[in-house]
Structure formats: structure tokens, C-alpha cells
Amino acid sequence: MKTLVKIEKLITKLNFLFFSCGAAFTFCLIVLMVTSVFARYLFQISYVWFDELLWHVFGLSFLLASAYTLNQDGHVRVDIFYQNYSPEFVIYLIAKPKVNV
């Protein structure tokens, strides 16, 4: 049991490290996006590779931060799956994975 607790703490630390890297990439994404907008509209300069770089940085920041967000139960729920069910059943679906049986 102690081994599992140690593994959980290690995974949680790695999640936080990935989250920190994702936050740094998000800041880089903002700087790159502002640079792209200024280059396009002030200097009429646009590069396809720069736009592709923005998409890659966005994807990387999203993937790195998603594990931590899921760990903190902060993920966005998509209500399209829940709209046809009763509120009681939705609560059951949300709570079921969190209950140890």
C-alpha cells in the first residue's frame, strides 16, 4: 500500500511539472501570437511556418496541462452527453468513478 501511495505522489509531482511546462508554453504562445499579429498587420509579413508553430505550441501546452487539470477535477464537462439523461443519473455517472467499491 505504501508503494502505491509513493507512486501516486510521484505521478502528482510529474503532473504538476507538466502543468508548469504547459503554463510556460502558454505564455510563449501569447508572445508568439502577438508577434504574429504585429508582423502581419504592421509589416505585412506572414509566414506559414510561424502559424504552424503557433498550433504546435498550443497543442503542446494543452497536452501538458490537461493531466494536471484532470487530476484537480477541473476538466470541462461536455453536456452533450448528459442532456438526454435525468439529473440523478448524471450525478451517478459523475460520482461512480470516484467511489471505491
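Confidence in the protein chain is highest in helix H1, at a mean pLDDT of 89, and lowest in helix H3 (residues 87–95), at 79. pLDDT is the predictor's confidence in each residue, on a scale from 0 to 100. The model is predicted: local features need pLDDT of at least 70, side-chain atom pairs count only at pLDDT 80 or more, and totals for chains, interfaces and linings use all residues. Residues are numbered from 1 along each chain as its sequence is written, and side-chain values use heavy atoms, with hydrogens and water left out.

**Overall build**

- The protein chain holds 3 helices and 0 strands. Its pattern along the sequence reads α-α-α.
- Helices (H or I, at least four residues) and strands (E, at least two) are DSSP runs, numbered from the N terminus.
- Average pLDDT for the chain is 83. A score of at least 70 is reached by 87% of the residues.
- Of the 101 residues, 12% are buried. Buried means under 20% relative accessible area, exposed means over 50%, and partly exposed lies in between (1.4 Å probe, protein chains only).
- The chain exposes about 8,600 Å², and carbon and sulfur atoms supply 72% of that area. Accessible areas come from the Shrake-Rupley method with a 1.4 Å probe; for residues, only the protein chains shown count as cover.
- Take the contacts between residues at least 6 apart in sequence: 57% of them join residues at least 24 apart. Contact means heavy atoms within 4.5 Å.

**The H1–H2 loop**

- Ser 46 sits in the loop between helix H1 (2–42) and helix H2 (48–71).
- Ser 46 has a relative accessible area of 47%, so this residue is partly exposed.
- Beyond its neighbours within four places in sequence, Ser 46 touches Arg 40 and Asp 51.
- Ser 36 is 10 residues from Ser 46 in sequence, and their C-alpha atoms are 7.4 Å apart.
- Gln 44 is in the loop between H1 and H2 too. Gln 44 is not a glycine, yet has a positive phi of about 55°.
- Gln 44 is exposed, at 63% relative accessible area.

**The salt bridge**

- The term covers a side-chain nitrogen of Lys or Arg within 4 Å of a carboxyl oxygen of Asp or Glu.
- Arg 40 pairs with Asp 51 in a salt bridge, with 3.2 Å between the closest N and O atoms.
- Arg 40 belongs to helix H1 and Asp 51 to helix H2, so the pair ties together parts that are 11 residues apart in sequence.
- Arg 40 is partly exposed at 29% relative accessibility. Asp 51 is partly exposed at 26%.

**Nonpolar patch**

- Ile 30, Val 34, Phe 38, Leu 42, Phe 43, Ile 45, Tyr 47, Trp 49 and Leu 53 make a nonpolar surface patch of about 940 Å².
- H1 and H2 are the elements that give two or more residues to this patch. The largest share, 4 residues, comes from H1. Ile 30 lies in helix H1.
- Patches are made of residues with over 30% relative accessible area and no salt bridge; like charges are joined within 9 Å, and nonpolar side chains (Val, Leu, Ile, Met, Phe, Trp, Tyr) within 5 Å.

**Aromatic pairs**

- The count comes to 6 aromatic pairs.
- In one of them, the rings of Trp 55 and Phe 58 have centres 6.2 Å apart and planes at 85°, so the pair is edge-to-face.
- Rings of Phe, Tyr and Trp (its six-membered ring) pair if their centres lie within 6.5 Å; planes under 30 degrees apart count as stacked, over 60 as edge-to-face and the rest as tilted.
- Both Trp 55 and Phe 58 lie in helix H2, 3 residues apart, about one turn of the helix.
- Trp 55 is exposed at 61% relative accessible area. Phe 58 is partly exposed at 40%.
- Ring pairs also link Tyr 47, Trp 49 and Phe 50 into a cluster.

- Asn 15 is in helix H1. Asn 15 is buried, at 11% relative accessible area.
- Apart from neighbours within four places in sequence, Asn 15 contacts Ala 67, Tyr 68 and Asn 71.
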